[in-house]
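Please look through the sequence and the model shown here before reading on. The paragraphs that follow lead from one part of the fold to the next.

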Amino acid sequence: MSRFKSDFLRTLDERGFIHQISDEAGLDELFSKETVTAYIGYDPTASSLHVGHLTQIMMLHWLQATGHRAISLMGGGTGMVGDPSFKEEARKLMTVDIIEENITSLKHVFSSYLDYEKSGNPALMVNNAEWLRPLNYLEFLRDVGRHFSVNRMLSFDSVKTRLDREQSLSFLEFNYMILQAYDFVELSRRYGCRLQMGGSDQWGNIVNGIDLGHRMGTPQLYALTSPLLTTSSGAKMGKSASGAVWLNKDLLPVYDFWQYWRNTEDGDVIRFLKLFTTLPMDEIARLSALAGSEINEVKKILATEVTAMLHGRTAAEEAAETARKTFEEGALSENLPSVEIPGAELDAGIGLLSLMVKAGLAASNGEARRHVQGGAVRINDEAVTDERRIVGSGELTADAVIKLSLGKKKHFLIRPV
């Protein structure tokens, strides 16, 4: 039995999203009696978010799904400064043009999870540049800066970590937490926003905003954080052996995204079904009873459901079918990820190690060599043991491609252009 009476908090609780809440009873009461506006902030430091951001995005999804108003706040202003939280060095500063391009790209990802046109409770995408860029510095110091204690700011883990390591923390970054707190106040004033959500590492920053709101006369504000997510083996979510697991299909093919979830560790499958899909809890309970080889079928369901939310049901099922043909039938599928190589380069021949690096199957020639020596590499489904192997156009199949494989689950098609 959930300790919450409101649909939103009960849903988050049973699915494993809740780490801390600033006032459980007060927030539950608020959600029970009115439509609540809540936000999560994202600095547009890249053109895509990655899997590590999915927990918070799903929190916004459930907020809207239970009848409340979700704000995805874009840090067009704070992104010019950079969040120092738990970073070992300062972020590189971005131009306004790059920030705007990134925000446009990010909205495509958010649109898979939030409905910005929904009748009754449309989600909002707001840019904090609206109020941060026009700020008058002296007025801001007088009206907002006076409410902050440097002693308290120095005690925050995100700042303390950098200082304990004797790593530089610029005045620019130090201001970030003031700007983030001010965002909460502005969103409260402009949109009636009462709740900020985020990962557990953001707790101090969010509470800062609550304190500032109290001092500047907003209604009572609230904080809700989710646990920082790691896999059963302790790996951080959002990273794979070949790099970040991006949510933008221009940076990571749909098939690779599906495969990432298909390769979920056994101990994480049910937890991830709760967090990253909208499958009903009774269906997840049924799947949790499966064991042995059946767990692989549950992993396929996980992969298809997560991929369908982001890329659409058709693309998800195509990825699942590609995997089935590749692994179960040993067939060549045109939907496998591919890399294009100039025909002349292929005619002349390319070293296998270089080709593996080009295809993203290895980060370096040294890593590729280790894979070959370990017997994990195949060309057109035939094992390769010679690390000096030259791959050329003579190995093109009848489909005019070369299938390059690493282990049983990673495959690329080499296409001449």
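How many bridges join strand 14 to strand 15? There are 5 bridges between strand 14 (residues 402-406) and strand 15 (residues 410-416), and the two strands run antiparallel. Strands (E, at least two residues) and helices (H or I, at least four residues) are DSSP runs numbered from the N terminus, and two strands pair if DSSP finds at least two bridges between them.

This is a predicted model, in which local features need pLDDT of at least 70 and side-chain atom pairs count only at pLDDT 80 or more, whereas totals for chains, interfaces and linings use all residues. Residues are numbered from 1 along each chain as its sequence is written, and side-chain values use heavy atoms, with hydrogens and water left out.

Leu404 of strand 14 stands opposite Ile379, and in strand 15 the bridge partner of Leu404 is Phe412, while Lys403 stands opposite Leu413 in strand 15. From strand 14, Ile402, Leu404 and Leu406 point one way and Lys403 and Ser405 the other, and all of them are buried, where buried means under 20% relative accessible area (exposed is over 50%, partly exposed in between, with a 1.4 Å probe and protein chains only).

Ile341 lies in strand 9 and counts as buried because its relative accessibility is 2%. Apart from neighbours within four places in sequence, the contacts of Ile341 (contact means heavy atoms within 4.5 Å) include Leu346, Ile350, Leu355 and Ile414. Ile341 and Ile295 are separated by 46 residues in sequence and by 38 Å in space, C-alpha to C-alpha.

Another open sheet has 6 strands in the order 1-6-5-2-3-4, again with mixed pairing. Strand 1 (20-21) and strand 4 (124-127) each have a single partner strand at the edges, so one side of each is left without a neighbour in the sheet. Strand 3 (residues 69-74) pairs with strand 4 in the parallel sense over 4 bridges, and Met74 stands opposite Asn127 in strand 4.

Helix 3 (residues 54-65) lies across strand 2 (37-42), strand 3, strand 5 (193-199) and strand 6 (222-226). Thr55 is found in helix 3 and, because its relative accessibility is 6%, counts as buried. Not counting residues up to four places away in sequence, Thr55 touches Phe17, Ser226, Leu229 and Phe276. Phe276, with Met197 and Trp261, has the most contacts inside the largest nonpolar core, which has 71 residues; such a core is a set of buried Ala, Val, Leu, Ile, Met, Phe, Trp, Tyr and Cys residues joined through side-chain atoms within 4.5 Å. A second, separate core of 31 residues includes Phe140, Phe184, Leu187 and Ile206.

Finally, consider a pair of helices. The axes (lines fitted to C-alpha atoms over the stretch in contact, with angles from 0 to 180 degrees between N-to-C directions) of helix 10 (residues 176-191) and helix 11 (residues 203-215) come within 8 Å and cross at roughly 55 degrees.
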